[in-house]
Amino acid sequence: MAHPLQLGFQDAASPIMEELLHFHDHALMAVFLISALVLYIITTLMSTKLSNTNTIDAQEIEMVWTIMPAIILIVIALPSLRILYLMDEMSNPDITVKAIGHQWYWSYEYSDFANLSFDSYMVPTKDLLPGQFRLLEVDNRMVTPVGMATRTLITADDVLHSWAVPSLGVKTDAIPGRLSEASFLVSRPGVYYGQCSEICGANHSFMPIVVESLPIKEFLDWSSASETA
């Protein structure tokens, strides 16, 4: 859960988000080193009157400032490609949930159950219970089991939406007429909040996403009770 004046990312709740946080720190270190070197050179040029005409046509320096950026790009690109591969399509998911974006709420359909689907609307401010978050709480949460690979099929019924949960490392556009896919595995029980990340209309900021992760036994109890209802 994000908090005021937070400078970093939310705590990771899935292996993919942990990898993204590690890559962020890795890339930020490269940016910091480059910035420090450039600042040092600029400071040196501004603070000294000494100059050397031999550097005007120095092939060695030309080679260094051509090869070094290429090496830095490779160091950043290889971990990025690895994460893209890990985020790719999941071949054997344990559970599949279809998320459909509407103006302005989400619908969820559990393909592995006979009759389990519901709409998820934001809870109005006047109906919030103590401890619930304004503009983030919904009446029906998307529930997933802990430690099981979850595939989410994402589409929209009217305009562009975006299904995003930062702590799970998921952000996928919901496009009318197209079925997109996002995969994640929640590593610990909890409640994780997100919001539509596409400007989809007047009430764009009022269609939150709440994913609740439960142990497998509690998830099966919830699914049985929801199917019965």
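Which residue in β5 does Ile100 stand opposite?

**View 1. Strand β1 and its pairing with β5.** Ile100 stands opposite Thr155 in β5. Strand β1 spans residues 95–102, and β5 spans residues 150–156. The two strands pair in the parallel sense, and seven bridges link them. Seven of the eight residues of β1 are buried, that is, under 20% relative accessible area. The strand is therefore largely enclosed by the rest of the structure.

View 2. Strand β2 covers residues 105–110. Here the pairing with β1 is antiparallel and comprises six bridges. One of the paired positions is Val97, whose bridge partner in β2 is Tyr110. In general, the strands of a sheet pair through backbone hydrogen bonds, either parallel or antiparallel.

**View 3. An open sheet of three strands.** The strand order in this sheet is β4-β10-β9, and the pairing is mixed. Strands β4 (142–145) and β9 (190–195) stand at the edges, and each has a single partner strand, so one side of each is left without a neighbour in the sheet. From one strand to the next, the twist averages 25 degrees. Strand β10, residues 208–214, pairs with β4 in the parallel sense over four bridges. Within this pair, Met142 has Val211 of β10 as its bridge partner.

**View 4. Met142 and its surroundings.** Which residues does Met142 touch, not counting those up to four places away in sequence? Its contacts include the aromatic residues Tyr108, Tyr110, Phe118, Trp163 and Phe184. Also among them are Val97, Thr150, Thr152, Val210, Val211 and Glu212.

**View 5. The largest nonpolar core.** This core holds 30 residues, of which Trp106, Tyr108, Tyr110, Met142, Trp163 and Leu168 touch the most other members. The elements that give two or more residues to the core include β1, β2, β4, β5 and β10. Also among these elements are β6 (161–165), β7 (170–174) and β8 (180–184). In soluble globular proteins, nonpolar side chains tend to be buried together.

View 6. An unreviewed UniProt entry lists residues 92–225 as "domain: Cytochrome oxidase subunit II copper A binding". In the predicted model, this span is 43% strand and 7% helix.

Terms used
Residues are numbered from 1 along each chain as its sequence is written. This is a predicted model: local features need pLDDT of at least 70, side-chain atom pairs count only at pLDDT 80 or more; totals for chains, interfaces and linings use all residues. Side-chain values use heavy atoms; hydrogens and water are left out. Two strands pair if DSSP finds at least two bridges between them. Axes are lines fitted to C-alpha atoms, for helices over the stretch in contact, and angles run from 0 to 180 degrees between N-to-C directions. A nonpolar core is a set of buried Ala, Val, Leu, Ile, Met, Phe, Trp, Tyr and Cys residues joined through side-chain atoms within 4.5 Å. Buried means under 20% relative accessible area, exposed over 50%, partly exposed in between (1.4 Å probe, protein chains only). Contact means heavy atoms within 4.5 Å. UniProt positions are given in the numbering used here, feature names are shortened, and annotations may be inferred rather than shown by experiment.
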